[in-house]
Amino acid sequence: MRKRWTREVLVAAIRAWERQYGEPPARPDWSPTAAAYIGDLTRIRRFRAGDWPWAGSVVCEFGSWNAGILAAGFEPRAPGGAGNVARRRNQRVKT
């Protein structure tokens, strides 16, 4: 039987993630495909280690990822994810 990710359950999951990891989830935290695309195996392991909803469940319920983060009482990250900016800079090829 599939778990029903209601609005209330999704908000609770976002808050639980924040308590466990010290910040609300970023979209790749709940999308192993996106995490794999950016080469972030830590995000994949954390997702698989818990009972977390897929990012698409948040988007379907709230209309956008950021709307779900706001509904849980958190400030959304900057576009592209504030935490990803430094990593992308480090991955650039130096000329």
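Predicted model: local features only at pLDDT ≥ 70, side-chain atom pairs only at ≥ 80, totals over all residues.
Local features need pLDDT of at least 70, side-chain atom pairs count only at pLDDT 80 or more, and totals for chains, interfaces and linings use all residues. Residues are numbered from 1 along each chain as its sequence is written, and side-chain values use heavy atoms, with hydrogens and water left out.

**Overall fold**

- The chain has six helices and zero strands. Helices (H or I, at least four residues) and strands (E, at least two) are DSSP runs, numbered from the N terminus.
- Along the sequence, the pattern reads α-α-α-α-α-α.
- The chain holds 95 residues, and 35% of them count as buried. Buried means under 20% relative accessible area, exposed over 50%, and partly exposed in between (1.4 Å probe, protein chains only).
- Take the contacts between residues at least 6 apart in sequence: 55% of these join residues at least 24 apart. Contact means heavy atoms within 4.5 Å.

**Helix 4**

- Helix 4 spans residues 55-62, and its buried residues are Ala55, Val58 and Phe62.
- Seen down the helix axis, these buried residues fall within an arc of 60 degrees, so they line one face of helix 4. The arc is that of the directions from the helix axis to the C-beta atoms.
- An α-helix has 3.6 residues a turn, so residues three or four places apart point the same way.
- The buried residues of helix 4 pack against helix 1 (7-21) and helix 5 (65-71).
- Gly63 follows helix 4 and has a positive phi, near 95 degrees.

**Helix 1 against helix 4**

- The two helices pack at an angle of about 130 degrees, with axes 10 Å apart. That angle makes helix 1 oblique to helix 4.
- Axes are lines fitted to C-alpha atoms, for helices over the stretch in contact, and angles run from 0 to 180 degrees between N-to-C directions.
- Angles under 35 degrees count as roughly parallel, over 145 as roughly antiparallel, 65 to 115 as roughly perpendicular, and the rest as oblique.
- The crossing of helix 1 and helix 4 is left-handed. A left-handed crossing has the near helix turned anticlockwise from the far one by less than a right angle; clockwise is right-handed.
- Helix 1 contributes Arg7, Leu10 and Val11 to the contact, and helix 4 contributes Ser57, Val58, Glu61 and Phe62.
- By class, this contact has four nonpolar, one polar and two charged residues. Ala, Val, Leu, Ile, Met, Phe, Trp, Tyr, Cys and Pro count as nonpolar, Asp, Glu, Lys and Arg as charged, and the others, Gly among them, as polar.

**Helix 3 and Arg48**

- Arg43, Ile44, Arg46 and Phe47 of helix 3 are buried. They cover an arc of only 165 degrees around the axis, which puts them on the same side of helix 3.
- On the other side of helix 3, Leu41, Arg45, Arg48 and Ala49 are exposed.
- Arg48 lies in helix 3 (residues 41-49). At 66% relative accessibility, Arg48 counts as exposed.
- Arg48 and Pro32 are 16 residues apart along the chain, and their C-alpha atoms are separated by 8.6 Å.

**Tyr21**

- Tyr21 sits in helix 1. At 25% relative accessibility, Tyr21 counts as partly exposed.
- Leaving out residues up to four places away in sequence, Tyr21 touches Arg46 and Trp52.
- Tyr21 and Arg46 are 25 residues apart along the chain, with C-alpha atoms separated by 9.4 Å.
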